[in-house]
Amino acid sequence: MLFEVWAPRADDRVALWLAGVEHPMAPVADRAGWWEVTAGATDGDRYGFALDGGPVLPDPRSRRQPDGPEGTSAVVLPDSYVWRHDWRGRGLRGAVLYELHIGTYTVEGTLDAAADHLDELAELGITHVELMPLCSFPGTHGWGYDGVSLWAVHEPYGGPEALKRFVDTAHGHGLGVVLDVVHNHVGPSGNTLPAFGPYFTDTHHTPWGAAVNLDAPGSDEVRAFLLGSALRWLREFRLDGLRLDAVHALADTRALTFLEELSAATDTLAGELGRPLFLIAESDLCDPRTTTPRTAGGIGVHAQWNDDFHHALHTALTGESQGYYADFAAAPLAAVAKTLTRVFFHDGTYSSFRGRSHGRPVEVTTTPAHRFLGYAQTHDQIGNRALGDRLSATLSPGLLACAATLVLTGPYPPMLFMGEEWGARTPWQFFTDHTDPELAAAVREGRRREFAAHGWSAAELPDPQDPATRDRSRLDRSEREREPHARLLAWYRELIALRRDQPDLTDPDVSAVKVAYDEEARLLVMRRGEVRIAVNLGTAPADVPVGPRARVLAAWEPVTAPGPDGTLRLAAESGVVLSDV
């Protein structure tokens, strides 16, 4: 078996340690900084590399880390998994995504346990499961954004074979699988990459310290490392797409950016495999060039999260106006209307949160709606709150139903956060399991300082390192059978079915979406072809002009057909979907 490693920082020797035996490695003549050796190995053998007689370090491209990122690597022989389902892929148009954290989706917190509930998601009408990061990180529990071994699956979740079983089971239910990957930083604990080569650069600084090296000397190999990791998830694990964390934090000044390179490589792989593959960016730039095709001068990422839609909807539902919600809260229904018809709220407008103008307009006549995802809740927007409180902690079932109505009938592919569909009352809090005591203390104190500035006392904040914080964040699946949760779950199911059955609801033409609203009455009406959607966020019933031919397709509260004058009486905190045909 060939073992190889990029280690330009080794002065004169690199050794493979395999099953306790040292094997000196030789430089590769035509690949600067690379070392290699051939040695006999069996599946599961532990190994690592020692540079210049130093300690044995895990393989940067390790496929498996049984003891976490700080332990030795394990040999993974060519794929012995027998796939049960022939999968031809599923693209984003018409998609309904479901963001899921393996560690808190079930009591067991494993991929196998989560796979046992995939039939529920298929029955709900979900098309793609979006998994939060699975790369190996120190400790057992965490969000996953401090991953260290970027080629390995977190062992407490079940390791690489469990991910294959999960994907295979999902495909058997007709579900695509998307994985959240992090390229903008690597977790601080257990990170041995700097010992091997210039994976990071002081040329740029990020919130996590030195930037991942995408444009300084040595960056060709660093890019190849990240590209190889990304494409491996898609090829070897048969994933359908990747969600790219915080691409605005990628410090990259090269003419051909890493994102463009990844986009091109993904499209090439899709052609080779004969099935659709896609990338979804998280970006706060409000820049349509992120998803503009490369042939039109854009970066070519296939879609992106639209936080502006979330912020507008959140302020309309809750009345919150702190921080980045301030601009949206000034006229929240106007903000919702703008994000439904023009995608971004900040499209060159002034952002008081940033203290400057922000964003760029989307050309809605030529940009399809499936370039942007719409949602009312995400792991970030819940977990980065002081108490990790969901909308269900403060909103009535009726307002939760209104949120679902706008997300699931809106122009953008909807994304739900796990448990949202039944109004889960469990919080989703920020939790960690750092094995480094100093790092654990720094994270705890940093969070306390952050929220102290907003009036929270240390005693009120959950301790990220306390196992109880993670335990509180696990879903209580028994809620699904109880009211008011069961009723809300049925509403989500009904709306998703309507989205699937009514072609107008998946029309990609954003310019065809028409919205009218009454800020004072808290009433908003959206028209999508022959389908009309009305939500009343107010505390009093409202009369909605819909025309005498309107037919009710779905209603949160009972409604009667419009009278001869074409007016429909809509209950407070309620939504309705109608058809003109």
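Predicted model: local features only at pLDDT ≥ 70, side-chain atom pairs only at ≥ 80, totals over all residues.
What volume does the second largest pocket have? About 630 Å³.

**View 1**
Four elements each give at least two residues to the lining: the strands β1 (2–6) and β6 (46–51), and the helices α4 (159–172) and α6 (219–236). By class, the lining holds 12 nonpolar, 4 polar and 12 charged residues.

**View 1. The open sheet of 3 strands.**
β1, which contributes to the pocket lining of View 1, also belongs to this sheet. The strand order is β1-β5-β4, and the pairing is antiparallel. β1 and β4 (26–27) are the edge strands, each pairing on one side only. Between β1 and β5 (residues 34–38) there are 5 bridges, in the antiparallel sense. Within these strands, F3 sits opposite V37 of β5.

β21 pairs with β18 (residues 303–305) in the parallel sense, over 2 bridges. W305 stands opposite L373, a residue of β21.

Which way do the residues of β10 point? H128 and E130 point one way, V129 and L131 the other. All of these are buried. In general, side chains of a regular strand alternate between the two faces of the sheet. β10 runs parallel to β9 (residues 97–100), joined by 4 bridges. L97 stands opposite H128 of β10. β10 is also joined to β13 by 4 bridges, again in parallel. There, V129 stands opposite V177 of β13.

**View 2. G174, in the loop between α4 and β13.**
Is G174 buried or partly exposed? Its relative accessibility is 22%, so G174 counts as partly exposed. This glycine lies in the loop that links α4 to β13. Beyond its neighbours within four places in sequence, G174 is in contact with W87, R90 and T127. G89 is 85 residues away along the chain, yet the C-alpha atoms of G174 and G89 are separated by 9.1 Å.

**View 3. The mostly covered helix α10.**
How many of the 11 residues of α10 (residues 332–342) are buried? The count is 9. They are P332, L333, A335, V336, A337, K338, T339, L340 and T341. These buried residues pack against three helices, α8 (307–318), α9 (326–329) and α12 (397–409). They also pack against the strands β19 (349–351), β23 (514–518) and β24 (523–528). Just past the end of α10, V343 has a positive phi of about 75 degrees.

Methods:
Residues numbered from 1 in each chain as written. Heavy atoms only, no water. 1 Å grid on protein atoms, 1.4 Å probe; cavity = no way out; pocket = protein on both sides within 12 Å on 5 of 7 lines; lining within 4 Å. Points joined across faces, edges and corners; volume = space filled by probe spheres on them. Nonpolar A, V, L, I, M, F, W, Y, C, P; charged D, E, K, R; others polar. Pairing = 2+ DSSP bridges. Buried < 20%, exposed > 50% of the residue type's maximum accessible area, 1.4 Å probe, protein only. Contact = heavy atoms within 4.5 Å.
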